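This report describes a single protein chain. Please keep the sequence and the three-dimensional view at hand while reading.

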Amino acid sequence: MDRIARDHRLETRTARERLARERRMYWRTISIGCHIGYYRGPRAGTWIARCRKGSGKGYFQRALGEADDLRDSNGLTILDFRQAQQQARDWFDEIFVARHGRPDRYTVGDALDDYLDRFMGKSLDK
């Protein structure tokens, strides 16, 4: 299970109410090159995910859903901070699998499998 990133500005409705209504995003890094953002609109806020492109220049970006500023979260279209992070992490995993052919979560079991494949002379390029 991924560790949930903490941010006192974004975690609760009341904290987000104190943010200025500006045209800027409030970003929080949740892993290297991967961020979750909050935009406070005129009525409700929106959650955005962004992930650095492989070239290092620019980002892939995706709107995740409405923030639970006015209505309670439903986990699909209206998200709280924790749910938005989980949807962002799922999207980051999709991007990583598309780039590298395996999930970003490289476990000890994965390392042992790779070691045995290399030891037995099998290629790691899948």
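Ile-48 lies in strand β3, which covers residues 45-52. The model described here is predicted. With a relative accessibility of 12%, Ile-48 counts as buried, because the limit for a buried residue is under 20% relative accessible area.

Leaving aside residues up to four places away in sequence, Ile-48 touches Met-25, Trp-27, His-35, Ile-36, Gly-37, Gln-61, Arg-62, Ala-63 and Leu-64. Tyr-38 is ten residues from Ile-48 along the chain, and the C-alpha atoms of these two residues are separated by 6.2 Å.

## The chain as a whole

The chain has three helices and five strands. Read along the sequence, these elements follow the pattern α-β-β-β-β-β-α-α. Of the 126 residues in the chain, 33% are buried.

How are the five strands arranged? They form an open sheet in the order β1-β2-β3-β4-β5, with mixed pairing. Strands β1 (26-31) and β5 (78-79) stand at the edges; each has a single partner strand, so one side of each is left without a neighbour in the sheet. As a general point, the side chains of a regular strand alternate between the two faces of the sheet.

Strands β1 and β2 run antiparallel and are joined by five bridges, with β2 covering residues 34-40. Tyr-26 has Tyr-38 in β2 as its bridge partner, while Ser-31 stands opposite Cys-34, also in β2. The two strands form a hairpin with two residues between them, and in the turn Gly-33 has a positive phi of about 80°.

## Two cysteines without a bond

A disulfide is a covalent bond between the sulfur atoms of two cysteines. How many disulfides does the model contain? The count comes to zero. Cys-34 is in no disulfide, and the nearest cysteine sulfur, that of Cys-51, is 3.7 Å away.

## Aromatic rings

A search of the whole structure finds four aromatic pairs. One of them joins Tyr-38 and Trp-47: the ring centres are 5.2 Å apart, the planes stand at 55° to each other, and the pair is tilted. Tyr-38 counts as buried at 0% relative accessibility, and Trp-47 is buried with a relative accessible area of 0%. Ring pairs link Tyr-38 and Trp-47 with Phe-81 into a cluster.

Trp-91 and Phe-92 form another pair, with ring centres 5.7 Å apart; their planes are at 45°, so this pair is tilted. Trp-91 is buried at 10% relative accessibility, and Phe-92 is buried at 7%.

## Charged residues

Asp-7 is found in the segment before α1 (13-17). At 8% relative accessibility, Asp-7 counts as buried. Not counting residues up to four places away in sequence, Asp-7 touches Arg-28 and Phe-81. Phe-81 is also part of the ring cluster with Tyr-38 and Trp-47.

## Helix α3

Helix α3 has twelve residues, numbered 108-119. From its first C-alpha to its last, helix α3 reaches 16 Å, close to the 16 Å expected at 1.5 Å a residue. In general, an α-helix has 3.6 residues a turn, so residues three or four places apart point the same way. Just after α3, Gly-121 takes a positive phi of about 90°.

Note on methods:
Residues numbered from 1 in each chain as written. Predicted model: local features only at pLDDT ≥ 70, side-chain atom pairs only at ≥ 80, totals over all residues. Heavy atoms only, no water. Pairing = 2+ DSSP bridges. Helix = DSSP H or I, 4+ residues; strand = E, 2+ residues; numbered from the N terminus. Expected span 1.5 Å × (residues − 1). Disulfide = S-S within 2.5 Å. Phe/Tyr/Trp six-rings, centres within 6.5 Å; stacked < 30°, edge-to-face > 60°. Buried < 20%, exposed > 50% of the residue type's maximum accessible area, 1.4 Å probe, protein only. Contact = heavy atoms within 4.5 Å.
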